[in-house]
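The following paragraphs walk through one protein structure, a part at a time. Please keep the sequence and the 3D view at hand while reading.

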Amino acid sequence: MTGSVLASTLAVAASLVAAVAPASGAGTTALLEGVTGVGDVAAGGRHVFVATEQGVVVADTQGTPTSTINLPGAAGLALTPDGTRLYAALRDSNEVAEVATDTLTVVRRIPLADNPCPSHLALAGTRLWVGYGCGQAYGGVVGLDVSAADPQPYGLTFNKYGAPVVAAAGRTVVTGELGLGPGSLEVYDVSTTPATRRGEISGHTYGLGDLNDIAISADGSTVYSAFNSPDQFDAWDTTTLSRLRSYGADGAGSGIPKSVALSPDGAHLAGGRISGPFVSVFDADTTPTYADTNPTGETVPRSLAFSGTDVFSVLRGWSNGQFYLWRLKGALLPPSALAVTPPTEATALAPLTLTGRLTLSDGSAPGEQPLVVTRQLPDGTRSTLGGVTTAADGRFTVTDTVAVVGDVRYDVSWDGSAAFRWSSASLTVTVAPHPSSLTLAGPTSGTAGRPLTFTGVLDLGGLTPPAGATIGVWRDVTNRTGTSTTYLPEVRPAGDGSFSFVDAPPTGGQYTYSVYWYTPVFQAAYASHAVSVRGAGA
């Protein structure tokens, strides 16, 4: 459809479309190009680090990969609390690499020839604990004093099933073997030399099976676990070796737990699963405060890390097996909420109005906040509508005009702030055809062979007919020979919708002249007029 009505409609629509980037919403999902395997994730300072088969991928705090440190076979990672040093376990070369994070350069390599396949790391003070082991046997844990010029490994435990995972803080080290059922955790007091084994958190006693990940509190008093079973994340007292509490039980989570991480302040626990929600965040009293699922793929075991108020995880794509860095933006922030109300009615080529409100969880007024509104037409075309800002109380209005009929989806999002998490809302508006009507007038009688003149009006509810628009015309005649239909030339309406046509009926009979109008955007309209026509000799 072209012409003045469409041109004016598109001009209105164009005035609403701005060339602005969409809000980041729930964060980002960035492809880790060329990566064929992922081992661990660490975050601190200005970086997020991902250990991969190809090296250590470095991303910024927005989740955008920026470079790769050439450390093939990187598996486990450990970062100093100040973020200045990163340690990477290099499984294939039997080393631990130390990286200066300001320059992203390797400053030394610590050989572990007698402890092959180092795979998991934990750092407590200046002592780095390394879980090593190739295949399914001859694994263990050794410690390294990284403050020494030439750190020498000293054994903590050995003869384990592959490379144990390890967590360390204060004077406590916790280790666990992966993939065993039942599975247990061993707790050590490393304030003595040699270390003292405090005991075991027994998989037999607590029904634990197939350990996937552990994390530990900053003081070493509590260790957190992710086992295949039970379907929950557990907190354990590292002195009494008893369960303190569980996270994600009683329907708060679903799917097999694969990753667990504790925020640096100990106030939040993040748990990753292989099915929804993929990542859940809990507060100190086990209350779930945030959960999200990413359609790109499933979470990779042991791939959770906190960065400020964000949580990072790695996904493995469902369809292509590729790996992605997923930023869960503002996961630790208090929530906000967006509500959107549809218009009472919506017709093509007429303005429609959405109303809504942004609210904050503490009840405070959000003030004027920019929103991003995206419109998706029935054919999948998406456009971003600009210039939408809340009032001080969070209320907002969106006005739009569309030149289509059908279901139009609107997505509204707020990018969040330093104090509150992003939020979004969506709704679908069913747009009806624009009203139209036809009238037709002319003589009620005539004579065969003599011209008859007909006039009419196409009413489009105040809109100008599109340039090039045509109205169909036909006549039906009934006489002694029967009934026949003849289509006449289409007519073009004038700018005010008026039109006319002339016809000379060839024979006598009862004539009905009809006009018809239809486009996909307008309602169909029809009108007719009856004429009694005498034969030429009558």
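Gly-356 is placed in strand S31, residues 352-360; strands here are DSSP runs of E with at least two residues, numbered from the N terminus. This glycine counts as buried, at 13% relative accessibility, where buried means under 20% relative accessible area, exposed over 50% and partly exposed in between, with a 1.4 Å probe and protein chains only. Setting aside neighbours within four places in sequence, Gly-356 is in contact with Ala-339, Val-340, Gly-394, Arg-395 and Phe-396, contact being heavy atoms within 4.5 Å. Between the C-alpha atoms of Gly-356 and Gly-272, which are 84 residues apart along the chain, the separation is 33 Å.

The model is predicted: local features need pLDDT of at least 70 and side-chain atom pairs count only at pLDDT 80 or more, while totals for chains, interfaces and linings use all residues. Residues are numbered from 1 along each chain as its sequence is written, and side-chain values use heavy atoms, with hydrogens and water left out.

Next comes a sheet. Four strands form an open sheet with antiparallel pairing, in the order S33-S32-S35-S36; two strands pair if DSSP finds at least two bridges between them. Strand S33 (382-389) and strand S36 (423-431) are at the edges with a single partner strand each, so one side of each has no neighbour in the sheet. Strand S32 (residues 370-376) pairs with strand S35 (residues 406-414) in the antiparallel sense over five bridges. Within S35, Ser-413 is the residue opposite Val-372.

How many disulfides does a search of the whole structure find? The search finds one, a disulfide being a pair of cysteine sulfur atoms within 2.5 Å. The partners are Cys-117 and Cys-134, with sulfur atoms 1.8 Å apart. Cys-117 lies in the loop between strands S9 (105-111) and S10 (118-124), and Cys-134 in the loop between strands S11 (127-132) and S12 (139-145), so the pair ties together parts 17 residues apart in sequence. The link of Cys-117 and Cys-134 is right-handed, with 95 degrees about the S-S bond. Cys-117 is buried, at a relative accessible area of 14%, whereas Cys-134 is partly exposed at 35% relative accessibility.
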